[in-house]
Amino acid sequence: MSPDKVFVTLLGVAAIAFLVWFFWLNKKAGVRAAPTSSGYQEVLVLVKGGYTPDVIVLEKGKPARLNFLRAESSSCSEMVLIPDFKKSAQLPEGQTVAVEFLPEQAGEFEFQCQMGMLRGKLIVE
Ligand SMILES: [Cu+2]
């Protein structure tokens, strides 16, 4: 192989490695809430047999808004609680419900359904 081809091959391998990292390994570490023009860091959480994503990374000291979209009728998920932030919300089926709070301390905090069967984690850093 010519040096050109070696370079292109290496570039291809690097690109694949990056994609694997970005879509798999990165995802396991949680989904980072995206800053929006409203000044909130926001993330959409799908509620269906669990929370997707179930690990959410937030930046400390910036107001957070979790938009829960419940796409099921199972009574299990009709409420979501974030005990550490003293927040709870009813989640009517098919609607997006925003839960807002200010993560002031770094750490890991749980959110869950009212019975504690569905669980997710907030990582504040
Ligand atoms: Cu439940």
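Student: What percentage of the 125 residues of the protein count as buried, and what makes a residue buried?

Tutor: Of the 125 residues, 34% count as buried. The word buried is used under 20% relative accessible area, exposed over 50%, and partly exposed in between, with a 1.4 Å probe and protein chains only. The model is predicted, so local features need pLDDT of at least 70 and side-chain atom pairs count only at pLDDT 80 or more, while totals for chains, interfaces and linings use all residues. Residues are numbered from 1 along each chain as its sequence is written, and side-chain values use heavy atoms, with hydrogens and water left out.

Student: Which residues coordinate the copper ion, and what makes an atom a donor?

Tutor: A donor is an N, O or S atom within 2.8 Å of the metal (3.2 Å for Na, K and Ca); water is not among the atoms, so sites may look incomplete. The SG atoms of Cys76 and Cys113 lie at 2.2 Å from the copper ion and coordinate it. Cysteine 76 lies in the loop between β6 (64-70) and β7 (79-82) and cysteine 113 in strand β10 (residues 107-113), so the pair ties together parts that are 37 residues apart in sequence.

Student: Why is cysteine 76 called buried?

Tutor: Cysteine 76 has a relative accessibility of 13% and therefore counts as buried. Cysteine 113, with a relative accessible area of 0%, is buried too.

Student: How many disulfides does the structure hold, and what is the criterion?

Tutor: A disulfide is a pair of cysteine sulfur atoms within 2.5 Å. The structure holds 0 disulfides.

Student: How many helices and strands are there, and what makes a run of residues count as one?

Tutor: Helices (H or I, at least four residues) and strands (E, at least two) are DSSP runs, numbered from the N terminus. The protein has 1 helix and 11 strands. From the N terminus, the order is α-β-β-β-β-β-β-β-β-β-β-β.

Student: Is the protein compact or spread out, and how do you know?

Tutor: The radius of gyration, taken over C-alpha atoms, is set against the globule rule, which is 2.2 Å times the number of residues to the power 0.38. The value is 19 Å, well over the 14 Å that the rule gives for 125 residues, so the protein is more spread out than a compact globule. Along the principal axes, the C-alpha atoms fill a box of roughly 65 × 35 × 25 Å.

Student: Which strands form the open sheet, and what makes two strands a pair?

Tutor: Two strands pair if DSSP finds at least two bridges between them. An open sheet of 6 strands runs in the order β1-β5-β11-β10-β7-β8, with mixed pairing. β1 (31-32) and β8 (87-90) stand at the edges, each with a single partner strand, so one side of each is left without a neighbour in the sheet.
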